[in-house]
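Dear colleague,

I am passing a structure on to you.

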Amino acid sequence: MARRDISRPVAITGIGILTSLGEGREENWRRLTAGHSGITRIRRFPIDHLRTSIAGTIDFLAIDGQDTPLLTLEAACRVVREALAQSGLGQPGDFPGPLFLAGPPIEHEWPQRRSFAERARSTAYPAMAAATQVSNDAHERFLNGFIADRIADEFGTLGAPATISTACASGATVIQLGVEAIRRGDAAAVLALGADASVQPEAIIRFSLLSALSTANLDPAQAAKPFSKNRDGFVMAEGAAAFVLEDEAAAKARGAEILGYVLGCGEAADNFHRTRSSPDGAPIIRCMRNALADAGLDPEAIDHVNAHGTGTPENDKMETMGLQAVFGERLASVPVSSNKSMIGHTLTAAGLIEAGFAMLTLRDQLLPPTINYREPDPAIPLDVVPNQARPARVRRILSNSFGFGGQNTCLVLGLDAA
Amino acid sequence: MQREVWITGRGLISALGEGGVAHWAALQDPARWRAAVDEKSFAPFPIHPIAALDLDRFISKKGDQRAMGPLMHYAVAATGLALQEAGLAGDGAALARTDLVVAGPGGERDIAVDEQILAGLDQAPNQGAFLNERLLNDLRPTLFLAQLPNLIAGNISIVHGVTGSSRTFMGEEIAGIDAARDAFARIAAGQSDAALVAGVFNASRWDMMLLYRPSGLLLDGPWQPLWHRHRAGMALGSLAAALVLESPDHAQARGRRAIAKLTALQADRSRRTPGAAVLAAEQQWATAATHLRRGEVGLLSGACGSGPITAEERDLLAGWGGNHGGIPVRGTAGAWGHAVEASFLGNLALAITCLEQGELFPPLDPNEPLEAPWRGPALTQMLVTGWGHHRGEGLALLEAP
């Protein structure tokens with residue numbers, strides 16, 4: 001566990017967001033606070049036989065071809081440009097700090113496998129390996145380091161770019177990595193980036209086979225229903241977000257506008273089971289408490305929770321139990337929103353996108369709603385900001401990200417440095 | 001605050017065996033490590049496979065064994081060895097505060113299912129519908145869990161109880177360097193007291209051949225010594241390596257000593273224009289060189305064997321040695337294959353054994369002048385390089401405690 005170290009406040013000076021709701025921080029925020037859904041029927045590939053045929057895709061990017069790594073890269077580039085433009089830090093192609101990327105694992109997909117088989121006139125792997133020749137460029141595209149590598153090239157980040165996978169917590173983990181690097185004095189600025197555009201048949205089916213996805217295909221916009229009694233799984237989605245993080249003193253010295261602060265980060269791993277979280281909620285409770293301790297704050301200092309809130313029966317029950325343990329009776333007066341009710345679960349990018357929305361919540365003193373909340377679950381006595389955004393006084397937000405496979409990360413975000 | 005970073009435990013599993021002692025023994029005799037090269041199973045690509053593990057020794061529950069493929073078995077086994085040596089195995093309270101940092105690729109695909117689906121796709125009237133139907137019926141639900149890179153760490157947490165935190169780095173060779181650097185930097189700065197860092201790679205996979213062969217990177221003929229291969233020069237090797245890193249205070253409070261000190265660890269990524277990797281490495285050298293004692297230094301290179309970049313590194317290392325009274329080098333991929341994400345950590349683990357032995361093992365490639373026999377007094381410092389086949393340059397300095 002990281003020792004509490006708040007001697008060097010970490011400021012946020014640039015935010016870029018792209019989701020199924022659209023491109024750009026302001027457009028996303030406008031639609032999110034209006035309670036719009038980005039979930040639609042999948043059009044990217046045939047949906048025959050699929051148990052789940054809906055997702056939050058970013059097809060509006062309209063790149064050539066179907067490769068999800070290229071789509072992920074395009075989304076990543078756009079949010080980085082937006083964050084850099086807002087921060088005003090560095091020069092084009094010359095960002096003065098390291099890159100931490102939360103990205104999906106990359107491997108050949110079915111279109112590639114089919115083209116290899118066609119060329120080899122064989123469907124056997126040995127024959128495909130023997131017959132296939134590709135350029136360096138095509139080789140790079142299916143390396144796990146591909147996206148970080150291209151971002152480093154295009155934006156000129158310093159040093160070795162890191163690509164992180166802590167599953168659904170990845171986006172929060174890269175913020176934590178950035179905060180740690182700045183607190184150590186390794187960097188005065190960091191580019192924290194999350195991007196995930198993984199909606200392809202095998203990915204949907206893998207999650208389907210684990211019974212993790214909502215099958216409410218008839219009305220896509222109403223499928224994601226976190227904290228509701230009739231919730232039936234998450235909706236897979238795509239998106240990206242970028243943060244420019246800076247040492248507060250360095251940001252002030254260059255006259256940058258500070259949007260807010262990352263006050264604390266906490267982690268805790270769950271070793272109960274590969275797909276189920278600890279029944280006593282201990283790891284997520286520890287994770288939230290670690291984040292609060294790192295920020296030097298008591299739970300009373302938190303005004304709002306940006307929940308992990310996937311909409312799976314298990315997550316929402318366990319997250320509620322964890323929140324009850326951390327906040328006690330006060331939880332009744334701490335509003336809890338799930339952005340995933342509108343944008344779906346953006347997987348490795350979720351932690352960053354949702355931290356971005358948390359910063360906009362602080363800026364506009366407006367809580368985004370949890371939409372599709374029609375059937376309250378008596379086991380979940382939360383104020384979920386049902387269906388409509390709500391003005392509120394908010395100084396500090398707890399943002400939760402709980403990874404599939406046991407990796408949990410929580411962030412405390414604030415308007416002020418302490 | 002900058003603290004020393006101690007290594008208090010290591011695990012190492014490769015084609016050469018399990019543990020530092022087994023590796024040292026295998027490296028004494030070229031016939032022994034040469035015999036571990038498998039030129040048949042993935043012909044024409046020679047590989048360096050890990051021999052079948054006695055899983056019951058490392059993973060007591062059969063259900064846990066079944067939930068993983070070989071990649072994750074290797075990682076769990078190597079981390080188990082490291083925790084054992086560090087005296088942390090079974091210490092629930094300490095493990096709950098230990099930070100886990102892993103570097104690895106995705107796990108094994110079900111190759112037979114892939115091939116069957118590809119064969120059927122050709123004849124299917126509606127290919128998209130066919131693909132969906134076959135995947136839904138043929139993929140084992142739990143296969144996903146054996147494939148996600150973050151489940152390497154997930155399984156280590158489940159089997160060994162390491163739960164302080166959990167981070168997985170992806171991205172080929174850089175991932176291993178990043179993972180080691182993350183743990184090193186946090187402990188040096190006081191952001192962590194104890195970390196288990198691991199890297200893993202399984203070479204016995206046709207999907208890996210299909211990833212690395214098409215751009216002409218794999219050695220595809222008889223096995224050859226490492227340093228003078230063509231561009232098609234990588235022979236992949238299975239490897240899992242793990243280190244327990246601790247602050248001195250934390251180790252001493254447990255009554256443990258360092259088996260080695262990790263003095264410096266740097267990571268960079270040049271754009272690989274001609275000379276760029278050398279320039280990055282020269283800057284790293286400038287930092288590390290201030291610590292070096294003439295005649296007491298050896299170097300394990302992570303050179304992958306792909307001709308052009310391996311030749312660049314060879315020339316650079318010759319220059320370093322020339323300026324420093326000779327630094328004998330061993331290109332370990334020549335003996336255990338190129339282990340991509342696990343390469344850098346594997347060399348860190350083997351470097352500890354060299355420090356313990358006080359010398360380098362015999363040359364792997366007697367015709368390469370870099371690989372001079374160790375003739376000095378005691379070896380007390382080990383450099384480790386890690387250059388990715390595509391991107392990434394790392395350099396570490398380990399010292400005898």
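How many residues of domain 1 of chain B are in contact with domain 2 of chain B? The count is 54 residues of domain 1, and they touch 48 residues of domain 2. Please keep in mind that this is a predicted model.

The domain assignment places residues 5-110 and 142-253 of chain B in domain 1, and residues 260-399 in domain 2. The C-alpha centres of these two domains are 19 Å apart. On the side of domain 1 of chain B that touches domain 2, the elements giving two or more residues are β1 (5-14), α1 (19-28), α11, β5 (194-201) and β6 (239-246) of chain B. The largest share, ten residues, belongs to α11(B). By type, this side of domain 1 has 35 nonpolar, twelve polar and seven charged residues.

Next, the contact between the chains. Here 66 residues of chain B are in contact with 68 residues of chain A. Several elements of chain B each supply at least two residues to the side that touches chain A, among them α7 (111-123), α8 (127-138), α10 (150-160) and β7 (260-268). α11(B), residues 172-189, gives the largest share of this side, eight residues. The residues of chain B on this side divide into 33 nonpolar, 20 polar and 13 charged.

Strands also pair across the two chains. Strand β6 of chain A, residues 162-164, is joined to β4(B) by two bridges, and the two strands run antiparallel. Within β4(B), M170(B) is the bridge partner of T163(A).

Regards

Terms used: Residues numbered from 1 in each chain as written. Chains lettered and ligands numbered in written order. Predicted model: local features only at pLDDT ≥ 70, side-chain atom pairs only at ≥ 80, totals over all residues. Contact = placed C-beta atoms within 7 Å. Helix = DSSP H or I, 4+ residues; strand = E, 2+ residues; numbered from the N terminus. Nonpolar A, V, L, I, M, F, W, Y, C, P; charged D, E, K, R; others polar. Pairing = 2+ DSSP bridges. Domains from an automatic or database assignment.
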